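Subject: Structure for you, with notes on its pocket and aromatic rings

Hi,

Here is the structure I promised to pass on. Please have a look at it first, and then read my notes below.

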Amino acid sequence: MIFITVKFNVRPEYAEKWPEITAEFTAATRAEPGCLWFDWSRSLDDPTEYVLVEAFRDDEAGAAHVQSAHFKAAQQLMPDHLTSTPRIVNVKIPQDDWSLLGEMAVEEQP
């Protein structure tokens, strides 16, 4: 899978509305057949920083995503709400889901 993490620094005046601003893009991306997940989080230390964790099945799914109409619309919409260019980590990994964190294993609850 292609595993991607992106940090977005949102202008302070848009920080509270960022989930609304990105809602259509998020919903459309999650509906893509090759999208495994597409999840936003907000920094506990910096309320203007959002982190997007996303994964796509393979190269074809990733290419379909960046060529989609909703991605192109997001390219036009999002930069006006940001203080800097987003930072990204993009890697291919040989799995298709999250692995368990064995160091913090939790016994099944009855």
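W37 is buried, since its relative accessible area of 10% falls under the 20% cut-off. Please keep in mind that this is a predicted model. The ring partner of W37 is W98, with ring centres 5.1 Å apart and planes at 25°, so the two are stacked. W98 itself counts as exposed, at 53% relative accessibility. The two residues link distant parts of the chain: W37 sits in strand β2 and W98 in the segment after β4, 61 residues apart.

The aromatic pairs come to ten by count. Another of them joins F25 and F38: the centres lie 5.4 Å apart and the planes meet at 85°, so this pair is edge-to-face. Because F25 belongs to helix α2 (residues 23-30) and F38 to strand β2 (residues 35-42), the pair ties together parts 13 residues apart in sequence. F25 is buried at 10% relative accessible area, and F38 is buried too, at 1%. Both also belong to one aromatic cluster, together with F8, W18, W40, Y50 and F71.

Now to the largest pocket, which may interest you. Its space is about 440 Å³. The lining has 22 residues, and V6, F8, E54, F71 and I88 lie nearest the centre. Elements giving two or more residues to this lining are β1 (2-9), β3 (49-56), α3 (59-66), α4 (69-77) and β4 (87-92); β1 provides the largest share, four residues. By class, the lining divides into 16 nonpolar, five polar and one charged.

Best wishes

Methods
Residues numbered from 1 in each chain as written. Predicted model: local features only at pLDDT ≥ 70, side-chain atom pairs only at ≥ 80, totals over all residues. Heavy atoms only, no water. 1 Å grid on protein atoms, 1.4 Å probe; cavity = no way out; pocket = protein on both sides within 12 Å on 5 of 7 lines; lining within 4 Å. Points joined across faces, edges and corners; volume = space filled by probe spheres on them. Nonpolar A, V, L, I, M, F, W, Y, C, P; charged D, E, K, R; others polar. Phe/Tyr/Trp six-rings, centres within 6.5 Å; stacked < 30°, edge-to-face > 60°. Buried < 20%, exposed > 50% of the residue type's maximum accessible area, 1.4 Å probe, protein only.
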